[in-house]
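This briefing goes through one chain by topic. Please keep the sequence and the structure open while reading.

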Amino acid sequence: MKLYTSEGAKVESYDLFTYRRIRRSIGYLGISLPILLVFFSLFDFFKTDIQPSISHYYYTNLREIFTGTLCAVGLFLIRYKGHGNKSIWKNDNLLTNIAGIMAIGVALFPTNPNDSYSKFYTLIPYAKPWLGTLHYAFAALLFLIFSLLSINVFTIGQENDTNVPESIFNENNIYRFCGYSILVFIVMVPISAEFELFSYSTLVFEALSLLAFGIAWLIKGRALGDEGKIGQKLYNENNFVDTEKVFEE
C-alpha cells in the first residue's frame, strides 16, 4: 500500500519500515564488531591483546562479543525475508538465509588456535586442522554473499523520480562500490598473511570488509533518512519530510 503525505512525500506500508530497521540493525552490528573488539583490547581490565584477526578473539576474554554479534547477525539474516528471484545470484531471501547460517557457522566453528590447549574451551574440543579450514570456508562464503547482496540484490527495483537528476552518490553506486570493496578486502586477507604486508593486516582487511558491508546495509535501511538533499542524492526521491517519520508522528 502506497500513501502520500500532505507535503507530497510518498510512503509505503509499515512492513517496509520494519525491514529498514532490520537492515540498520544488521549494518550497525557489522560495523561495531571490529571496533568493539579492538576498543576493549586497549583496556587492561579485559586482559586481551589486539589479535591478528577478528576470528582469534574467540580465544580471548572478548569471546562473547565475537560470538554474540555473529549469532545476532546470523539470526537477523535468517529471519529477514527478502524478495525471491529465479536467479540464485539475485535471490534476496535465499542469499540472506545462507549468509545467516554461515555467520553462525563462523561463530561456532572457530579458527584453529595458536596452541591446542585453547581448543578445549570451544564447543568442539578437538584441534583438527580441517575444523579451522571449515571456519575459513564459512567466512569466505559469508563475505562472498555480502558482496553479491550489495552488487546484485540491493540494486534491484528502485523507483527513481525522473525529475531528480541522478547523483554520483546514488544508492546503487554506493552498493556496487561496497560490494566490490568487500571482494578486494577479502582477497587481500590471504595475500597480506602470506607476504606479511604490515602488522595486523588480516584484522584491518576484515574490519574494512565489515565496514563496507555495514555501510551498504545502513544505506539500504535509510539510516540517514531520506528527506531533502539526502533523498535526492541517495535515492532519487524528492521528499519534503522523512518518509519513516510520517508513521511515527
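**Briefing on the helices and selected residues**

The buried residues of α3 pack against α2 (63–79), α4 and α6 (201–220). The model is predicted. The chain contains 8 helices and 2 strands, and along the sequence they follow the pattern β-β-α-α-α-α-α-α-α-α.

**Chain as a whole**

- The chain has 249 residues, and buried residues make up 44% of them.
- Of the contacts between residues at least 6 apart in sequence, 62% join residues at least 24 apart.

**Helix α3**

- Helix α3 has 17 residues and covers residues 92–108.
- From its first C-alpha to its last, α3 reaches 24 Å, close to the 24 Å expected at 1.5 Å a residue.
- The buried residues of α3 are D92, L95, T96, A99, G100, M102, A103, G105, V106 and A107.

**Packing of α3 with α4**

- Two packed helices are described by the angle between their axes and the distance between the axes.
- For α3 and α4 (residues 129–153), the angle is about 150 degrees and the axes are 8 Å apart.
- Angles over 145 degrees count as roughly antiparallel, and α3 and α4 are therefore roughly antiparallel to each other.
- The crossing in which α3 passes α4 is left-handed.
- On the α3 side, the contact is made by D92, L95, T96, I98, A99, M102, A103, G105 and V106. On the α4 side, these meet H135, F138, A139, L141, L142, I145, F146, L148, L149 and V153.
- By class, the residues of this contact between α3 and α4 are 15 nonpolar, 3 polar and 1 charged.

**Packing of α5 with α6**

- Helix α5 covers residues 171–195, and its axis comes within 8 Å of the axis of α6.
- The axes of α5 and α6 cross at roughly 165 degrees, and the two helices are therefore roughly antiparallel to each other.
- The crossing of α5 and α6 is left-handed.
- The α5 residues in the contact are E171, I174, Y175, C178, S181, I182, F185, I186, M188, V189, S192 and A193. In α6 they meet S201, T202, F205, E206, L208, S209, A212, F213, I215, A216, I219 and K220.
- The contact of α5 with α6 divides into 16 nonpolar, 5 polar and 3 charged residues.

**S150 in helix α4**

- S150 is a residue of helix α4.
- The relative accessibility of S150 is 1%, so this serine counts as buried.
- Apart from neighbours within four places in sequence, S150 is in contact with T155, Y175, R176, G179 and A216.
- Among these partners of S150 are Y175 and A216, which also take part in the contact between α5 and α6.

**R23 and S25 in helix α1**

- R23 lies in helix α1, and S25 lies in this helix too, which covers residues 14–41.
- R23 has a relative accessibility of 12% and therefore counts as buried.
- S25 has a relative accessibility of 27% and therefore counts as partly exposed.
- R23 and A223 are 200 residues apart in sequence, with their C-alpha atoms 9.0 Å apart in space.
- S25 and A223 are 198 residues apart in sequence, and here the C-alpha to C-alpha distance is 9.7 Å.
- With neighbours within four places in sequence left aside, R23 is in contact with Y80, W217, K220 and G221.
- One of the contact partners of R23 is K220, a residue that also belongs to the α6 side of the contact with α5.

**Residues with positive phi that are not glycine**

- E196 is not a glycine, yet its phi is positive, at about 50 degrees.
- E196 sits in the loop between α5 and α6.
- The relative accessibility of E196 is 66%, so this residue counts as exposed.
- N236, also a residue other than glycine, has a positive phi near 55 degrees.
- The loop between α7 (228–235) and α8 (245–248) holds N236.
- At 2% relative accessibility, N236 counts as buried.

Notes:
Residues are numbered from 1 along each chain as its sequence is written. This is a predicted model: local features need pLDDT of at least 70, side-chain atom pairs count only at pLDDT 80 or more; totals for chains, interfaces and linings use all residues. Side-chain values use heavy atoms; hydrogens and water are left out. Axes are lines fitted to C-alpha atoms, for helices over the stretch in contact, and angles run from 0 to 180 degrees between N-to-C directions. Helices (H or I, at least four residues) and strands (E, at least two) are DSSP runs, numbered from the N terminus. Angles under 35 degrees count as roughly parallel, over 145 as roughly antiparallel, 65 to 115 as roughly perpendicular and the rest as oblique. A crossing is left-handed if the near helix is turned anticlockwise from the far one by less than a right angle, and right-handed if clockwise. Contact means heavy atoms within 4.5 Å. Ala, Val, Leu, Ile, Met, Phe, Trp, Tyr, Cys and Pro count as nonpolar, Asp, Glu, Lys and Arg as charged, and the others, Gly among them, as polar. The expected span of a helix is 1.5 Å times one less than its number of residues. Buried means under 20% relative accessible area, exposed over 50%, partly exposed in between (1.4 Å probe, protein chains only).
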